[in-house]
Amino acid sequence: MNDTVKDILGILDAGRPDLQVAAAQILGELRIKDPAVVRSLSTAGSRSPVLGRYVLEALSRIATADALRVVVRILLENDSLVDQASHVLAEAGHAAHPAIAEAFAEAPADRRLRLLTVLGRAPSKESIRPFVLGLVAGETCDAAAKILANAVVNLAPPIAKLLREALTEALSQPLAEGSVAAVLSLLAAIDPAAARTQLLHYADPQFPAAVR
């Protein structure tokens, strides 16, 4: 890191509010991927909604794994920046999925839905676990099922296979009726022939009507 970048970080950390905004803009334009830059932007992101917007823009340009982790954290913790953070993650595409997967289990239900919406734009290997967690949790099951149902049509065969295997495994654990029904519906949509045995099994009268 050269002295000029150090000076910019100094302004971002302790300058006047308007100069902090300018510093964040410059760091984004320079696309400096140094971890120290990402750490400073991470700290600055929580100071004010105005500065936070420029921090998110800078992080979107830097786009390293650490930068995208910061974007996810901002989405989880900052109510005023949720929409912009969601947009940044969606624009990052698959590059953002590992960061989302890391944070998903600890995210509150409303933020989980935001993250699932991002993942549903183009599901990847890393998106499978979050989707399964969303399906087995009662508060997010219906929304997760709807997002996945819209995405299933365009799944690449390798991702479809991994998702089918993960959903099949999920059925081996105790699940609420709604989750079982959602999983079965998705399995039928992904590969009806492969799901036939499971669908016949759950059609048995021993299972609740909501599942049958």
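This is a predicted model: local features need pLDDT of at least 70, side-chain atom pairs count only at pLDDT 80 or more; totals for chains, interfaces and linings use all residues.
User: Why is Ser179 called buried?

Analyst: Ser179, which has its place in helix α12 (residues 177–190), has a relative accessibility of 2%, and since buried means under 20% relative accessible area, Ser179 counts as buried. Leaving aside neighbours within four places in sequence, Ser179 is in contact with Leu135, Val136, Ala137 and Cys141.

User: What makes helix α7 mostly covered?

Analyst: Helix α7 spans residues 97–104, and six of its eight residues are buried, namely His97, Ala99, Ile100, Ala101, Ala103 and Phe104. The cover over the buried residues of α7 includes α5 (65–77), α6 (82–92), α8 (109–120) and α9 (128–136).

User: How do you know that Asp66 and Arg69 meet in a salt bridge?

Analyst: The side chains of Asp66 and Arg69 come to 2.5 Å, N to O, and the cut-off for a salt bridge is a side-chain nitrogen of Lys or Arg within 4 Å of a carboxyl oxygen of Asp or Glu, so the pair qualifies. Being three residues apart in helix α5, Asp66 and Arg69 are separated by about one helical turn. Asp66 and Arg69 are also linked with Glu102 in a network of salt bridges, and the structure holds eight salt bridges.

User: Why are Asp66 and Arg69 called partly exposed?

Analyst: Partly exposed lies between the two limits, buried being under 20% and exposed over 50%. Asp66, at 40% relative accessibility, therefore counts as partly exposed, and Arg69, with a relative accessible area of 35%, is partly exposed as well.

User: What makes the contact of Arg111 with Asp79 a salt bridge, and which parts does the pair tie together?

Analyst: The side chains of Arg111 and Asp79 meet at 2.3 Å, N to O, which is within the 4 Å that a salt bridge requires. Arg111 lies in helix α8 and Asp79 in the loop between α5 and α6, so the pair ties together parts that are 32 residues apart in sequence.

User: Is Arg111 buried or exposed, and how does Asp79 count?

Analyst: Arg111 has 9% relative accessibility and counts as buried, because the limit for that term is under 20%. Asp79, at 64% relative accessibility, counts as exposed, since exposed means over 50%.

User: How do you know that Asp110 forms a salt bridge with Arg111?

Analyst: The closest N and O atoms of Asp110 and Arg111 are 2.7 Å apart, a value within the 4 Å cut-off. Asp110 itself, at 43% relative accessibility, counts as partly exposed.

Technical notes
Residues are numbered from 1 along each chain as its sequence is written. Side-chain values use heavy atoms; hydrogens and water are left out. Helices (H or I, at least four residues) and strands (E, at least two) are DSSP runs, numbered from the N terminus. Buried means under 20% relative accessible area, exposed over 50%, partly exposed in between (1.4 Å probe, protein chains only). Contact means heavy atoms within 4.5 Å.
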